[in-house]
Every structure is written in C-alpha cells, then in structure tokens.
Amino acid sequence: MRAREHGPPSEGEVRLLASLTSGGPGFYALLGLLLGLIAWGIIAYSLQLRYGLGVTGLRDSMMWGVYITNFVFFIGVSHVGALMSAILRITGAEWRRPITRMAEAITFASLLMGALMPVVDMGRPERLLNLVLHGRLQSPILWDILSIATYLTGSTLFLYVPMIPDIALLRDHFADGPAWRRRLYTVLALGWRGTKAQRRYLEAIMGVMAVLIIPIAVSVHTVVSWIFAMTLRAGWNSTIFGPYFVSGALFSGAAAVVTAMAAFRWAYHLEDYITESHFRRMGYLVIALGMIYGYFTFAEYLTPAYKMALHERGYLMAVFAGTFSRLFWFTQVVGVLLPILLLTLPRISWVPRLQRIPLLQPRPVLAATAASAALLLATSVAGSSTAALGEVATARTVLVWLVAAMGGWSFLALLPVFHRRPITTAFVASVLVNVGAWAKRYVIIVPTLQNPFLPIQNAPPVWRTYKPTWVEWSITAAALAGFLLIYILFSKLFPIVSIWETREAASEPRTPVREEAPDAQAM
Amino acid sequence: MRLSRRAFLKFLTALGGAAAFPAGLNLLTRRKGIPALAADGSPTGRLLQLDRVPAGPGSVALAAPAEPPERPSPGPAQRRWVMVIDLARCDGCRACTEACSAMHFVPPGQEWIKVYTMRDNPAADPYWFPRPCMQCDNPPCVKVCPVSATWKRGDGIVIQDTSRCIGCRFCIAACPYSARYFNWVEPPHTPEELSRPYSPDWNYPHRKGVTEKCIFCPGLVKEGKLPACVQACPMGAIYFGDQAEDAVTNSQGETVRFSELVGKNAGSRFLEELGTEPRVYYLPPRNRVYAPPPEPAATEGGHR
C-alpha cells in the first residue's frame, strides 16, 4: 500500500502531470491577454496616482465604489478554501479529495487580489506604513488587516503543507523539466521521503489547521462586513451583516470552485478525477448555501422594509423600485434563484419529456426570442431620437414584456438541453452566481451612499450619482486578470489535483459510503 | 488526525504568542505618542473638573481618545467649545460658507459649513439649515480612523491631521452629517495658502488624497477671535463660546448665557437619536423674520 502511495505515476496521473508542461497556443494566448489586461490596469492606476482619485467616479457623497466592491467580492470568494478543505475534511467527505487543492488555490489567489483593492482605493497609498506605525485597534480597518493577514498565512500553509508529498513526487519523477523547476521542487519538498514520522506530522498539522481555519475564515468576512455595519448609515447599520456576508461568501466561493472544476476538467482533461458526481455533490452544496444566503437576504431586507422608517426609506426605495432596482432584482433572480434552479434540473425526471412538446423546440424558440430582442434594440435606437413620442414608449413597454415572455419560453425550451448536459449547466449556474455576487456587493455599497442622512444639495448633478469611470473598470479587469493569472500559473507549477490524497482514497481498505451513481466508482 | 496533548498545548501557546503580537505592537506605538483611552476625554486620563458645567445628560463618557500631548494641536483642556445656531435668524445668505472658504482656502467643491434647505414634514415650511462639523462628543469618525489622523481634543474639537491621513475615507463613510470632504485631486494653491507651515489648527496648506473638515477655527480662537463663519454672519445667527464659561457670543457682539439660550429656547441637536452627542445646538426656526427658502427638490437624495 505504501509503495502505491509513493510509487511512479499511473496512467491518469501521467495525464495530470502533463498539464504542468504542455501549453498549447490557447494557453499562451490566454497568458498574453491576461498580461495585457494587467498592464492596462497598471497604466490606469498610475494615472490615478498622478492625478488623484478624481479620475474615478467617486465623490464626497459616494466615497466608496467599485474598488471596495471588488474587495468584498474577492474576500468572499476566498472563503471556498476553508469550506472545501476544512469543513469537508472534518466531516469526512471523501469525495472532496480531488478538488480541495483547486479550492485552496482559489483562496490564495483571491485573498491576494482582495487585499490589494483597499490599497488601490487609498488616497495616500505611500502612507500605508502608518497603519503599522500609528495603527489603532478601535478601527475595523485594523481588524480587517489582522484577520485577512491571519487567513492568508493560514490558508497558504493549508495549501502548501498537503502539497509537500506531491512536490516530492514531482522531484523524484519529473526529471525532464527545466533545472529551475527541479531546484524549486527540491527546496519546497522539504526533504519529504514519506516516512511514518513525516506522515504523522503532516496529519497532525492538517488536523489542527482544519479546525483553526474555520473560525479564522468566519472572522474574515465578518469583519469585512463590519466595515459597513459599524457605521450609522441606513442599509449598513445592521446586526446580521456578519453572518449575512459569511453566507454570501460561502455561496460565491462554492460556485467559484464549480467554475474551476469545469474549466480544469476541460482544459487539462481531468475526467478521471473530476467526475459528474463531483458536480452533483458540489451542486447540492451550492443549492444549500444559496438557500441560506437567500434566507439571509430576505431577513435583511424585510425587517426594515416592513417598517419603512424615515432614514431607511430612501435606500430601500432605490433598491426595490428606484435606480438600483434592476440590478437588485438581477442579483436575486439571475444570481440566486436561477442557479439554484439550474443545479436542481438534472435531478428532475420529467424534464426530458418537455422535448416532445412541439411548441418547446429549442431552435425556433431561440430564433423568435432573438428576433424580438433585436426588435426591442431597434426601437430603443429609434426611440432615443424621437423620445417625446408617447406611442413609442408604450410600444417599447409592450416589447419589453414580450422579450421577457420570450426569455421565459426559451428557458423552458432549453430545460431538456440543460438536463442532458449537467456539467455545462453547473458551469453556467456557477458563473451566474459569481456575476450576481459581484453585483450584489455593489448594491450593498452604492445605494446606501446615495441616500445619506442629509440630502445631497448644492452639488453638481454628476456628484449625486455614482458612475464608475474607465479607470475603475480597467483596474477591476486587471484585478480579475491578476487572479486568473496567479491561479493558472499555480496550476502550471503544481498538480491542480492532489495526487497522494487521491491515491490514498483509492487504496483505502474501507470503502467509503457512496451512492449508487456508477460514475462515483470511477475516481 | 492523531495529535498528542503536548503538541496541541504547544501549538496553543504559539498561537497565543501570535495573537499577542499586534497588541504588543500597539503598546509600543502608544508609548511613542498614541494616547490611551481616557474616560472623560482629558489627555492625562484624570477626570476633568469643569465646575460650571452642570453634570447630567450633557456630560457624556467619551469612547474617543484624547489628543496626545506631543501632537501639534493639543487645545486648552479647560475649555469646552460650543456653537449655537439660531435657525429663526438664518436667511440662507451663505456668508458663513464664503467666509469659511476664504479663511481656510477651502478647496473647490467643499463647504465646511454648508447651508441646506430642510423641511421636517409636508405641513411645515422649509427653513435654512447651516451645518458645520458637529464636533461630536461621541464622534463616529474618530472611532473608525485607523491611524489617529483625526482625534478629539480636550476642548471638544474634533481635529484632523492631513499629514497623517492615509485617505481611506472611512471617516467620511462614518459621519452621519456629511461634514467630511476629500481632496479628490490636487487642490489649487495660492501664495497666501502656502505661506503658513502646515498645522492642524489652520488645516492648510491643503493636499491631495486626504480628508478635510470644519475644525471650529482653533487658530482664530487661540487669538481670542470668533470662528470665521460666526464673525461673518450678518444676522448674528451663529453663537460661539465656551460651555465651561457658560457664555456664547455672536457677530453682533451679543454675549449670552449658553444654558439660558439653549435651555429657554428649546435648543436641540441634529440627529440626536444617533447618540453622537454633537457640540452644535440649534434653536428652532419659529417666528422667522425672513422668507422661507423654496421647497427642496425631492429628487436630491437624502431622507428629508
């Protein structure tokens, strides 16, 4: 058994290890695109450094915007590491083994990007050291620094320690790589030989870390939410912001790991490791977390909305029916409800029967939807030149409803397609979750700022609403590119699936409790 | 997960050490000039005796640190500066804003004392509402500042040191009175503005990327003068003085007892329900001599 765990790579593992060296033209194109985005973001940031934050859409009333949205988003996504590795490890969920490293690497990359965002948002980044020299523990910003630094240290260890046996395997069986790689693996393997004592230490460290990392992760997003909840502002002044943010973080983090699973399975041909059953189980997890998050959202908004107290009225109306209503309902319908529905679909047995209904043939329905959408687009272009005409507005309203109805119809028509392709469906659902998560962070921050206690008076009209500029969007794109770059380079340096842990699972004498799904045995 | 008891205890000890590290860091910096929390806002931590200030709801426990003695702008600890604004006398001429901006060379786009048009309910007429910094005794901005760039002086002033501010804008987010402003770009400079070395007492020369605010003109007050806005008000609507002396003065030279002025005229503090304990009092806009302002536009945001 021991020989199996430290032996030469098997056929599937050879394919996995090949992902470390082979990079096609697609890989280099992606690398170039990401580096280009980052370079463009650096140009935008240097402009901001030169001319000040005035190059952003931020003003005195809307003092925080896209940068802080990114901060909350990235820190939220980072929670997946603690969820996947720690919680599933402690609860003994054996199926986690091939995906824990993917999850931990997301944590590492997104924490780096998340921690960078407040620095980008600072008016005086060169005074960053003041936070150490003159730091005051009363300020939630110090709480953030301490908890994020602790989580970054902890999750980096949590990523690295269980990687040591694999690094040793690379050192021993991956001799054809360039010299710098062999040197790197030799140093990082820390002299791992797989002895009994070494394995005992590894197990002990992982056991302690798994327990410790959970409260740390919970604390991280709790104190991120307290940046808002420690102020008196309507919409932020909430007692449940801590758990609300933690639930949202776990939801978006779990979805991020589904996205990564689908992407790596496709790009690195990991069908042996990441099976349909992994998507099913992760789907259950995302559904459960989405329901918890939806419950928190409901509780968070209903309690002030029922009372409509003076100070809360402005932001609530802006969110439910005003300037931000489209974005808010998008986050709830497309970002929470639809993903949950999509992930449930493969388990609903009557869905394939929809194919037999003539009115629900995907192709004609999609064509009709596209046509009505094009019509709407055409009228809105024409309508802007004749804006005063009432009939155009009425016609447009009818068209909007038509397009919405067509959208519902094509969704129904596509249901059997989703049912046939559960992995694609899970991928789409997980991307939607994170698009919605980003938009929801924005809806938490901006409507509150647009509705302060004192009205915004005597200010130029552009100061009354927040509209992010190209500088902010460029830096946001660069941050996302930076996240992807770190993540992809990580997967090129280390196997993205833990080899020794999956071997251990395969060679374990006791058969883990599995469901009847045939593909579950394939791993 | 086999873990011996001894190893676990060792681990806990190490963890405790790691947790104590930031606390130790804080102690180190405190010795260098960050103040300890003082229950009453006095720099020494001793209770400040103000014999003429009545004890009661007005004297609150401060959660904010007093200013360190080494800091550039300590302020006389025996004073408690206070402002009273008579809304019945304000005709919205904005002379206060102009005088303030001229005296402090306030960057464009900022109004450290800003005149709002307010309406409490649909039945009542609108009124003018000058809003300086409220110099809260329980200041939300001071609580959240991560680097002590803003602090509560012994004389009640919430001061701002733009030479330390890192520009995180958390104080702007925390202030319920929208009284804090940010220098989004490099402010335009004049030779007069640049003539004086920077001091929080005057709060100029201005610089990019930091927060600024009304500071009750400690530079003028030190010279025995009234703050710029108080001097400039043609209606004598703004009174300024020392709560410890129980005397406030306006631009007409009227000096009255603070306790009587506020006590007998239903003085109130803005957003009292938030518990910020402002040091600015308002007399109600009743029996106004001047025409009310036009109705505030409902689309301008805010709750009133």
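Mentor: The account below begins with the contact between the chains and then turns to the salt bridges and the loops. Please bear in mind throughout that this is a predicted model.

The contact takes in 59 residues of chain A and 66 residues of chain B. About 5300 Å² of area is buried between chain A and chain B, and carbon and sulfur atoms give 59% of that area. On the side of chain A, the residues that lose the most area to chain B are A:Arg136, A:Leu454 and A:Gln457, which together make up 15% of what that side buries.

The polar side of the contact can be described as well. Between chain A and chain B there are 27 residue pairs in polar contact. The elements of chain A that give two or more residues to the side touching chain B are helix H3 (25-51), helix H7 (130-133), helix H8 (140-160), helix H11 (196-229) and helix H14 (310-320). Of the contributions to this side of chain A, that of H11(A) is the most, with 8 residues. By residue class, the side of chain A that touches chain B divides into 31 nonpolar, 16 polar and 12 charged residues.

Across the interface of chain A and chain B there is 1 salt bridge. A:Asp121 and B:Arg169 form a salt bridge, with their closest N and O atoms 2.7 Å apart. Helix H6 of chain A covers residues 100-121. This helix has 22 residues and reaches 32 Å from its first C-alpha to its last, close to the 32 Å expected. H6(A) is mostly covered, since 16 of its 22 residues are buried.

Over all chains the count of salt bridges comes to 21. One of them joins A:Glu501 to A:Arg89, whose closest N and O atoms are 3.3 Å apart. This pair links distant parts of chain A, with A:Glu501 in helix H20 (residues 499-507) and A:Arg89 in helix H5 (residues 80-90), 412 residues apart. A:Glu501 is buried, because its relative accessible area is 4%, and the limit for a buried residue is under 20%.

In chain B, B:Lys222 forms a salt bridge with B:Asp201, the closest N and O atoms being 2.8 Å apart. B:Lys222 belongs to helix H6 (residues 218-222) of chain B, while B:Asp201 lies in the loop between helix H5 (191-194) and strand E7 (211-213), so the pair ties together parts 21 residues apart in sequence. B:Lys222 counts as exposed at 66% relative accessibility, whereas B:Asp201 counts as buried at 5%. A further salt bridge of chain B pairs B:Glu277 with B:Arg269, with the closest N and O atoms 2.7 Å apart. B:Glu277 and B:Arg269 are both buried. Salt bridges with shared partners also join B:Arg80, B:Asp137, B:Lys152 and B:Arg279 into one network.

The loops of chain B complete the account. The peptide bond from B:Tyr204 to B:Pro205 is cis, with omega near 0°, and B:Pro205 is placed in the loop between H5 and E7 of chain B. B:Asp246, in the loop between strand E8 (238-242) and strand E9 (247-249) of chain B, has a positive phi near 60° although it is a residue other than glycine. B:Asp246 is buried, with a relative accessible area of 11%. B:Leu271 is not a glycine either, and its phi is positive at about 55°. The loop that holds B:Leu271 runs between helix H8 (258-264) and strand E11 (280-283) of chain B. B:Leu271 is buried, its relative accessible area being 3%.

Note on methods
Residues are numbered from 1 along each chain as its sequence is written. Chains are lettered from A and ligands numbered from 1 in the order in which they are written. This is a predicted model: local features need pLDDT of at least 70, side-chain atom pairs count only at pLDDT 80 or more; totals for chains, interfaces and linings use all residues. Side-chain values use heavy atoms; hydrogens and water are left out. A salt bridge is a side-chain nitrogen of Lys or Arg within 4 Å of a carboxyl oxygen of Asp or Glu. Helices (H or I, at least four residues) and strands (E, at least two) are DSSP runs, numbered from the N terminus. Buried means under 20% relative accessible area, exposed over 50%, partly exposed in between (1.4 Å probe, protein chains only). Contact means heavy atoms within 4.5 Å. Buried area is the accessible area (1.4 Å probe) that two parts lose on being put together, summed over both. A polar contact is a pair of N or O atoms within 3.5 Å; within protein, one must be able to donate a hydrogen and the other to accept it, and residues adjacent in sequence count only if both atoms are side-chain atoms. Ala, Val, Leu, Ile, Met, Phe, Trp, Tyr, Cys and Pro count as nonpolar, Asp, Glu, Lys and Arg as charged, and the others, Gly among them, as polar. The expected span of a helix is 1.5 Å times one less than its number of residues.
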